[in-house]
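Welcome, and take a moment with the sequence and the 3D view before reading on. The notes below go through salt bridges, helices and surface in turn.

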Amino acid sequence: MKRHLVLALFLSPLACASFTTPHAVTPTFSPPRTDAELDARLHFLEGRLDAGRRHAQVWHYGWLGFNAACFAYTTTSAALDSARSRSFDIVNATQAAVGVADLVYLRPMPGREGADPIRGAADASHADKVARLTKGEQILVAAAQRADDRSSWTIHLGNLAFNLLGGGILLALHEDHYAAIATLSGTAVGEAYIWSEPSRAPEDLEEYRRFIADGAVAQSRSRSHWLLLPDGPGIAVRVNF
């Protein structure tokens, strides 16, 4: 019976993924009007993706290390602890394994590679640049949607349900004290996991939309900033102080 309960806990994220994760809607962007605009849009995307890389990598590898360490510790403890504590350790180890799967397979963090997937030579062909632009737009949209998902009630409901299931398994095994600890601590860790995700991408996406509409984009958030504007076969630069 214990094996069946743990299997249910491990498979629960897959069973509820269809309603706990908001369905992504990928916006379409107008194609570049000139080669100069194509270069400017690529430049924008590379800058913004690189700017979000550090937070995405720290979050991804930090939580990956945390879950891997928890899995190793609780698996070892399950082999050494008393029979009563072993159930608690097995539930925690299973939840940690689900956390690793979420990071690596179920919902890997978009943007953690920065602009590396779209970087290329300045003299690359037009078709190559268009393909890189499309890829960069997809990464930016995915990162923005992931950041917006932090405030979705379904994500937080899924976190609560997942940890209630873990606590319910311990209750079914008559481990009332451990059930309360597992539910409360697991829910708190899950909320920290959600709210610590990178959050800048929606603002970058909005600025990218304005760039496409207006043909200009601010490259600095300081008091002085400069703008890139397509200008025939070249790029015009306007500096505001």
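Predicted model: local features only at pLDDT ≥ 70, side-chain atom pairs only at ≥ 80, totals over all residues.

## Salt bridges: ground rules

A salt bridge here is a side-chain nitrogen of Lys or Arg within 4 Å of a carboxyl oxygen of Asp or Glu. Side chains of opposite charge can pair when their charged atoms come close. By this rule the count comes to 16 salt bridges.

Residues are numbered from 1 along each chain as its sequence is written, and side-chain values use heavy atoms, with hydrogens and water left out.

## The overall chain

The protein chain has seven helices and two strands; helices (H or I, at least four residues) and strands (E, at least two) are DSSP runs, numbered from the N terminus. Along the sequence, the pattern reads α-α-α-α-α-α-α-β-β.

Of the 241 residues in the protein chain, 41% are buried. Buried means under 20% relative accessible area, exposed over 50%, and partly exposed in between (1.4 Å probe, protein chains only). The accessible surface of the chain is about 13100 Å², and 62% of this belongs to carbon and sulfur atoms. Such areas come from the Shrake-Rupley method with a 1.4 Å probe, and for residues only the protein chains shown count as cover. Contact means heavy atoms within 4.5 Å; among contacts between residues at least 6 apart in sequence, 73% join residues at least 24 apart.

## Charged pairs across the sequence

Which residue forms a salt bridge with arginine 53? The partner is aspartate 116, with the closest N and O atoms 3.2 Å apart. Arginine 53 lies in helix 2 and aspartate 116 in the loop between helix 3 and helix 4, so the pair ties together parts that are 63 residues apart in sequence. Aspartate 116 is partly exposed, at 43% relative accessibility.

A second bridge joins arginine 119 and aspartate 50 (3.0 Å, N to O). Arginine 119 sits in the loop between helix 3 (83-106) and helix 4, and aspartate 50 in helix 2, so this pair ties together parts 69 residues apart in sequence. Both ends are partly exposed: arginine 119 has a relative accessible area of 39%, and aspartate 50 has 29%.

## A buried pair and a network

Now look at glutamate 46 and arginine 132, whose side chains meet in a salt bridge (3.7 Å, N to O). Glutamate 46 belongs to helix 2 (residues 35-80) and arginine 132 to helix 4 (residues 126-149), so the pair ties together parts that are 86 residues apart in sequence. Glutamate 46 counts as buried at 18% relative accessibility, and arginine 132 counts as buried at 9%.

Salt bridges also link Arg33, Glu37, Arg41 and Glu137 in a network.

Helix 6 (residues 176-195) has 20 residues and reaches 29 Å from its first C-alpha to its last, close to the 28 Å expected at 1.5 Å a residue. The expected span is 1.5 Å times one less than the number of residues. Its buried residues are Tyr178, Ala179, Ala182, Thr183, Gly186, Thr187, Gly190, Tyr193 and Ile194. Seen down the axis of helix 6, these buried residues fall within an arc of 150°, so they line one face of the helix; the arc is that of the directions from the helix axis to the C-beta atoms. The face turned away from the buried side carries the exposed residues His177 and Leu184.

Threonine 187, in helix 6, is buried at 18% relative accessibility. Leaving aside neighbours within four places in sequence, threonine 187 is in contact with Asn159, Leu160 and Asn163. Alanine 179 and valine 91 are 88 residues apart along the chain, and their C-alpha atoms are separated by 9.8 Å. Valine 91 has its place in helix 3 and is buried at 2% relative accessibility.

## A nonpolar patch

Trp153, Leu157, Leu160 and Leu164 make a nonpolar surface patch of about 430 Å². Patches are made of residues with over 30% relative accessible area and no salt bridge: like charges are joined within 9 Å, and nonpolar side chains (Val, Leu, Ile, Met, Phe, Trp, Tyr) within 5 Å. Leucine 157 lies in helix 5 (residues 153-172) and is partly exposed, with a relative accessible area of 39%.
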